[in-house]
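This briefing is an introduction for someone meeting the structure for the first time. Please keep the sequence and the model in view while reading.

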Amino acid sequence: MAYSASSNILFSRLLAYSVHHLRTCQFSQRVLVHKSSLLSTSNPSLNTSGIAFRSLNLFTKHKKKLKKECTFLLRHYSDVPLTSVKHPDMKRGSFAVLSNEDIAFFKKLLPGRVITDESELLPYNTDWLKTVRGASKVVSRPKTTQEVSDIVKYCYDHNLAVCPQGGNTGLVGGSVPVFDEVVITTQLMNQIISLDQVSGILVCQSGCILEALDHYLSNYELTMPLDLGAKGSCQIGGNVSTNAGGIRLLRYGSLHGNVLGLEVVGCCLFFSSPLQFVHCRFIHHMEN
């Protein structure tokens with residue numbers, strides 16, 4: 001994964017915190033499972049921060065305990081009832097069932113970025129509050145808009161249901177599959193593309209973590225118009241899709257009012273005002 005140095009430091013802090021609060025801080029546990037690969041001596045940004053370096057020492061010291069707690073966490077995920085069982089009145093649509101050929105296509109399209117292992121799928125199938133759980137058999141992790149378009153086009157052509165997912169920090173179960181949808185996570189779409197310091201316009205991918213963006217902008221004496229409790233793991237794409245609020249809402253207005261453009265794959269958009277967005281690039285999944 002390509003994260004900024006500030007983002008690496010952020011996750012290192014959370015991992016250090018999770019060493020001492022493994023059973024009480026579910027958020028830190030989730031970061032522990034997904035982001036533990038960031039704690040590597042091969043990552044130069046970790047060696048430039050005393051905080052991150054101390055976190056690495058803590059991680060090494062408590063390695064056995066962390067491994068044990070990770071096992072406990074996975075059991076806890078699996079204890080969450082399936083949504084289809086919890087709500088038997090919900091009926092699966094007339095979509096195709098994922099086949100080995102479908103998985104082979106995703107693996108060819110995204111080498112090394114397709115998850116099919118059952119234990120690794122659990123965090124993507126389960127919501128943050130651990131109240132609902134889907135039964136997806138595959139998670140795809142694209143890095144570019146074109147890869148997202150290719151996935152959506154394939155699923156459309158083969159009648160496969162999809163479930164887009166960002167940071168999975170929502171509290172209403174809207175970011176996890178209900179049945180066996182193909183999960184498309186924006187986890188690796190975390191690149192900052194450009195920043196115009198004069199106009200204050202930032203262009204980035206939808207998987208950028210909110211706090212990482214705020215740290216990046218602080219280097220230029222700028223700030224994000226959004227701040228909320230899940231900023232350490234929520235992604236800007238999910239923030240925009242839900243028009244997230246937060247403690248800066250009264251000063252800077254709604255998040256939708258601060259968005260100047262979108263690059264969208266395979267869906268319809270409805271804007272409340274024709275002047276609200278000055279640019280929108282629509283990429284239809286039927287394009288060749």
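This is a predicted model: local features need pLDDT of at least 70, side-chain atom pairs count only at pLDDT 80 or more; totals for chains, interfaces and linings use all residues.

In helix α8, the buried residues are T145, E147, V148, S149, I151, V152, Y154 and C155.

**Helix α8**
- Helix α8 covers residues 145–157, and because its 13 residues should span 18 Å at 1.5 Å a residue, the 18 Å that separates its end C-alpha atoms agrees with expectation.
- After α8 comes N159, a residue with a positive phi, near 55 degrees.

**The nonpolar cores**
- The largest nonpolar core has 16 residues, of which L98, F106, V138, I151, C155 and V182 touch the most other members.
- Two or more residues of this core are given by each of the elements α6 (100–109), α8 and β4 (182–185), and the largest share, five residues, comes from α8.
- Leaving aside residues up to four places away in sequence, V138 touches L98, F106, V114, I115, T116, L121, E181, V182 and V183.
- Another core, of 13 residues, lies apart from the largest one, and among its members are L213, L217, L226 and V259.

**Cysteines**
- Zero disulfides are found when the whole structure is searched.
- C163 has a relative accessibility of 7% and therefore counts as buried, the cut-off being under 20%.

**V264 and T83**
- V264 sits in strand β7, which runs over residues 261–265, and with a relative accessible area of 10% this residue is buried.
- T83 belongs to helix α5, made up of residues 83–86, and its relative accessible area of 6% places T83 among buried residues.
- When residues up to four places away in sequence are not counted, the contacts of T83 are M90, V132, R133, G134 and V178.

How values were computed. Residues are numbered from 1 along each chain as its sequence is written. Side-chain values use heavy atoms; hydrogens and water are left out. Helices (H or I, at least four residues) and strands (E, at least two) are DSSP runs, numbered from the N terminus. The expected span of a helix is 1.5 Å times one less than its number of residues. Buried means under 20% relative accessible area, exposed over 50%, partly exposed in between (1.4 Å probe, protein chains only). A nonpolar core is a set of buried Ala, Val, Leu, Ile, Met, Phe, Trp, Tyr and Cys residues joined through side-chain atoms within 4.5 Å. Contact means heavy atoms within 4.5 Å. A disulfide is a pair of cysteine sulfur atoms within 2.5 Å.
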